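Biologist: I want to learn how to read a structure, one feature at a time. Where do we begin?

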Amino acid sequence: MSSQKTPPNPAYPKGLDGILEQMNVRRAPLSFAPGEALPPLDCDLKKLANSAVIVPSDSSRKSSDNARKIWELAKELDGQNALLHLNGLLIAHLRKRSQPDHTADLFLRLWTDHSDLLLREMDLRWKVSSLTTFGDHGKTPIQRSAGLALSTLFGAIKLYESERLFSGREADRPYTLDGRANGPLPLEMDAFSLADGGLDVNMIGRLWDEAAGDPVIKPLAHDMLQRLIDDPRTVFRRLHRLRARKLRRTEENAAPEPDSGVTLPVPRLRGRTPKWGVVCTTNAPLLDVARFVAHHIDIGAAHVYLYLDAPNPDASAFLQSHPKVSLTVCDAAYWKSEGKNRPDAHQLRQTYNATRALRLARNQVDWLGHVDTDEFILSTKKLSGVLKSVPDDMAGVRLFPAEALAASAPGELPSHFKLRTTAEGVPPSAVNDIYPTFGTYLRGGFLSHLAGKVFARTGLSDVRLAIHRLRVKGEDVLNTFDLENTYVGHLHAPDWDSFLAKLEFRQSKGSYRVKSDDALKNIGHLLQYLRDEEGEEGLRTFFTEMCADSEDLRSRLKQHDLLLSPRFDPDAAIERVFGITLDN
């Protein structure tokens, strides 16, 4: 006995038995009067193609079901090409349980020899009916599979678009982003992701490719799919418009649009050139920490606030005496002195320490940036001068990221960086031009974040300096200014060994983790698939296309003005700042 319960108020009280009964009730064959028949298989289609439909006398329809159907179709298609009438009549017979033996062959001959005329003169309703007939009576597997799939697609479109009319919105008007309900979809399905969802293109693309394998159904199928993507009144076009709105409003980890949040009052600097600093929470080895500190002091940082996420005696000994470095070891005693338990998530520890530094820094610097040890400020101008030009009413500034191209050897520093393909003015095709295999799985062509990092003015009240944004009492700070031509150079995957070594952590806790609401087409799913199915070889292929510094990749980036080649040498900065050389 089945344990499945009957749902309350089912759409079909008799279940599938009732559905099949209702479907079959109108499938009785069309009768013929004595001497009456369909045109033979070898009938002269060219002659029919040169003639028009004429409505027979009203009395003629009474002689048989076939005669009645001939009359009904003639009334509908009066004056149109006679081949359209024949196509409709054949479809009417093929919808029944039985029909003359040559009916399907004549239908296929019609579409084989005269598809151009039919596509040119037939309306969309009859084209959909023709696709359904291919699905039921096609002679090849492709004709049947493509016909059935396309018939199901267009039938589903008709159902949901008809129901949607009761919302009061015209078919070309998408819903608003803010009106989205939170209830579950039927059958426990995950909702389509506007940002990363590929269901639409995969569905249409697969149908296009499937139909392309059969010369008879191909013209009809491709005609209908082209019309589908061109029509502004479909769910595909509405989702496209919603996706564009969402991308404008918020990229992953990006600053919000100025329609929610708070605007902070800003103290004036009285026209002087501002001082700036950076804050970082790290558990990196000494060389990485030294490179980070030296680079920023070398380009003008007045102070570096460094929080060691765990005791690091080497880094402490190396940095503790430098006058421009404030070093804090975040051990158990530190968290106890702060009156709180050590947060489990490293992101929370980073935000707490950065916010703490922002309060402490007001007497040493005017601006404080929250960056990681593998991130370096890159600018052709002095950052102090850039910050001086920021409008006086801005509480923060945002530096967008530049992701390092991976060096060929471990420990080797990058010479080139790539910029995001989602930047303003970059065409949508750029991501596929630059990264033809894996580009659509990565937002902006980046493995890491797109949002960049923020600098906050010191002296602001109640500001929380988070990883990618400024916040006040849970709301984003709106008066944040985007800097141009100044970037956060991110050494996210500086070489193959580093990428592989950090993969496990990033998949479980970091930027590659798969979230419950993620679309299938994203970096987390992709890397998991490559790791499971193709192993290290698959991961290496991905890394080579997306990360490795090569002449080909640099050339493709340069074509879209997305290649950055700054002066970048942290090891030389270590010598200038600390007077020594550190070995890898």
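Modeller: We begin with axes: they are lines fitted to C-alpha atoms, for helices over the stretch in contact, and angles run from 0 to 180 degrees between N-to-C directions. Helices (H or I, at least four residues) and strands (E, at least two) are DSSP runs, numbered from the N terminus. Note that this is a predicted model: local features need pLDDT of at least 70, side-chain atom pairs count only at pLDDT 80 or more, and totals for chains, interfaces and linings use all residues. Residues are numbered from 1 along each chain as its sequence is written, and side-chain values use heavy atoms, without hydrogens and water.

Biologist: How are two packed helices described?

Modeller: By the angle between their axes and the distance between the axes. Take helix α8 (residues 199–211) and helix α9 (residues 218–230): their axes come within 9 Å and cross at roughly 160°. Therefore α8 is roughly antiparallel to α9. The cut-offs are these: under 35 degrees is roughly parallel, over 145 roughly antiparallel, 65 to 115 roughly perpendicular, and the rest oblique.

Biologist: Which hand does the crossing of α8 and α9 have, left or right?

Modeller: A crossing is left-handed if the near helix is turned anticlockwise from the far one by less than a right angle, and right-handed if clockwise. The crossing of α8 and α9 is left-handed.

Biologist: Which residues meet between α8 and α9?

Modeller: Contact means heavy atoms within 4.5 Å. From α8 come I204, L207, W208 and A211; they meet K218, A221, H222, L225, Q226 and I229 of α9. By class, this contact of α8 with α9 has seven nonpolar, two polar and one charged residues. Ala, Val, Leu, Ile, Met, Phe, Trp, Tyr, Cys and Pro count as nonpolar, Asp, Glu, Lys and Arg as charged, and the others, Gly among them, as polar.

Biologist: At what angle does α7 cross α8?

Modeller: Helix α7 (residues 141–164) and α8 cross at roughly 150°, with axes that come within 9 Å. So α7 is roughly antiparallel to α8. Their crossing is left-handed. On the α7 side are I142, S145, A146, A149, L150 and L153; on the α8 side, M203, L207, E210 and A211. The classes are eight nonpolar, one polar and one charged.

Biologist: How does α6 lie against α9?

Modeller: The axes of helix α6 (residues 124–137) and α9 come within 10 Å and cross at roughly 130°. That makes α6 oblique to α9. This crossing is left-handed.

Biologist: Now a single residue. Is N312 buried or exposed?

Modeller: Buried means under 20% relative accessible area, exposed over 50%, partly exposed in between (1.4 Å probe, protein chains only). N312 has 16% relative accessibility, so N312 counts as buried. N312 sits in the loop between β2 (303–308) and α12 (313–319). Leaving aside neighbours within four places in sequence, N312 is in contact with A284, P285 and L286. A polar atom of the N312 side chain lies 3.1 Å from the backbone nitrogen of A315.

Notes:
Polar contact = N/O pair within 3.5 Å; in protein donor to acceptor, adjacent residues only side chain to side chain.
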